[in-house]
Structure formats: structure tokens, C-alpha cells
Amino acid sequence: IAFYFSVWMMVTGLTIAFLNYIYSNNKIFLKSVPVISSILHGIGATLGFKFGFLYHGEWSVSALLFGLYFGIVYAAGHLNHEITDFDSDKKSGVPTHAVLFGKLKAFRASFILFSISFLYIIILSLYGILPSFVIFAIAIAYPFYLFFFIGALKEKLSYKSMINFRTQYRILFFIWGIVLAISIAA
């Protein structure tokens with residue numbers, strides 16, 4: 001079906017399918033390889049954005065660069081998901097980032113990636129790929145993210161605090177996405 005729309009869409013769709021296969025296939029199972037699993041999530045999300053973009057537009061470097069933002073956010077969220085699943089992964093012997101390196105180190109890595117995603121949006125704005133208005137939106141959104149992050153740390157990354165944190169940052173990114181869409185459309 002993707003080939004019907006464009007060759008680029010077909011190649012992108014096949015690449016996403018391949019990444020999903022090597023991530024979850026029982027024989028390869030890169031889901032259990034720290035760092036590689038997050039990289040696969042990041043690449044997959046970047047290409048997922050690109051796949052959707054190709055439905056309405058042509059292949060472009062700026063769209064790929066903007067898609068990378070989603071890859072960074074998705075990889076950061078993946079680390080938080082591993083922290084939430086820490087107990088079951090540890091019992092099952094799944095060597096996730098959180099299991100191998102500890103929940104706190106995985107949470108710090110997630111924080112760094114989320115922070116990079118905010119900085120990356122500023123960079124895209126400075127280079128004219130996104131409107132400069134989004135810099136002001138980042139100045140408002142990032143302190144909220146910091147507040148939510150510190151709250152989860154104070155709760156010692158318990159299951160409940162991680163679920164709350166995930167809900168909070170998802171709402172924040174949802175609102176941020178609306179602001180971003182409005183600024184791009186304007």
C-alpha cells in the first residue's frame with residue numbers, strides 16, 4: 001500500500017517493519033540489548049514521523065531533522081517505560097537498561113534525552129526549520145518537565161510515581177504538540 005503512494009514511503013515502511021522485527025524477534029531479540037534497544041526506538045520513531053510526513057509531502061532533510069525530535073522523545077520515554085517495568089523485567093531476567101544499570105541511572109539517561117529534545121527544538125527554531133515562537137513555548141514547558149522529574153525522584157521512582165510521571169509528561173507533550181502544530185500552521 002505504501003508503494004502506491006511513493007517509493008520513499010515503501011522504503012520507510014519496510015525499514016520500520018525490519019526494525020520492529022529485529023527488536024522483538026525471539027532469535028535476535030534486540031529488545032534485551034541496552035543502548036541498542038533505545039537506538040532502535042529512536043530510529044523507529046524518527047522514521048514513523050517521516051512515514052506520516054511522506055503521505056502529505058515530499059522527502060526533505062528538514063522533515064527528517066524534525067522527525068529526529070520524535071525519535072529522541074520516544075527513546076527517552078522508552079527508558080521510563082523500562083523503569084516502570086523494572087520488577088517484572090528483573091524477575092523475568094530481561095536485561096533492560098534499568099535492570100542492568102539501575103533505575104536511577106536509567107532515569108537520569110531519560111532526563112538527559114528529554115532535555116536534549118527541548119534543546120533540539122530550540123536549535124531547529126534557530127535554523128529556521130521551526131518558527132522562533134516555539135522557543136518561548138519551550139521556556140514555559142521545560143520548567144514543568146523539571147518539576148515532574150523532581151517529583152518522581154522524591155518518590156524514589158516507585159511504580160506509582162513513574163506512572164504519574166509518565167502521565168504528567170505525556171499531557172505536557174500533548175499540549176506542547178498542540179502549540180507546535182498551531183505555530184507551524186500559522
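Mentor: The buried residues of H7 are Ala-106, Phe-107, Ser-110, Phe-114, Ser-115, Ser-117, Phe-118, Tyr-120, Ile-121, Leu-124 and Ser-125. Buried means under 20% relative accessible area, exposed over 50%, and partly exposed in between, with a 1.4 Å probe and protein chains only. Please note that this is a predicted model, in which local features need pLDDT of at least 70, side-chain atom pairs count only at pLDDT 80 or more, and totals for chains, interfaces and linings use all residues. Residues are numbered from 1 along each chain as its sequence is written, and side-chain values use heavy atoms, with hydrogens and water left out.

Trainee: What covers the buried residues of H7?

Mentor: Contact means heavy atoms within 4.5 Å. In this case the cover includes H4, helix H6 (97-101), H8 and H9.

Trainee: How are helices defined, and how many does the chain have?

Mentor: Helices (H or I, at least four residues) and strands (E, at least two) are DSSP runs, numbered from the N terminus. The chain has nine helices and zero strands.

Trainee: How does one judge the span of a helix such as H7?

Mentor: The expected span is 1.5 Å times one less than the number of residues in the helix. H7, with 24 residues, reaches 35 Å from its first C-alpha to its last, close to the 34 Å expected. Helix H9 (residues 159-185) has 27 residues and reaches 38 Å, close to the expected 39 Å.

Trainee: Which helices do the buried residues of H9 pack against?

Mentor: They pack against helix H4 (61-84), helix H7 (103-126) and helix H8 (133-154). Among these buried residues of H9 are Phe-165, Arg-166, Tyr-169 and Trp-176.

Trainee: Where should I look for positive phi values?

Mentor: Just after H7, Gly-128 takes a positive phi of about 80°. Lys-156 has phi near 60°, a positive value in a residue other than glycine, and Leu-157, also other than glycine, has a positive phi near 55°. Lys-156 is found in the loop between H8 and H9, and Leu-157 is found in that loop as well.

Trainee: Is Lys-156 buried or exposed, and is Leu-157 buried or exposed?

Mentor: Lys-156 counts as exposed because its relative accessibility is 66%. Leu-157 counts as buried because its value is 5%.

Trainee: Which residues is His-41 in contact with?

Mentor: Leaving aside neighbours within four places in sequence, His-41 is in contact with Tyr-23, Tyr-74, Ala-75 and His-78. His-41 lies in helix H3 (residues 36-56) and, at 14% relative accessibility, counts as buried.

Trainee: What does Ala-2 touch?

Mentor: Not counting residues up to four places away in sequence, Ala-2 touches Met-9, Met-10 and Phe-51. Ala-2 is found in helix H1 (residues 2-5) and is buried, with a relative accessible area of 16%.

Trainee: How does one relate the radius of gyration of the chain to that of a compact globule?

Mentor: The radius is taken over C-alpha atoms, and the globule rule is 2.2 Å times the number of residues to the power 0.38. With 186 residues, a compact globule would have a radius near 16 Å; the chain has 17 Å, which agrees. Buried residues make up 40% of the 186 residues. Among contacts between residues at least 6 apart in sequence, 65% join residues at least 24 apart.
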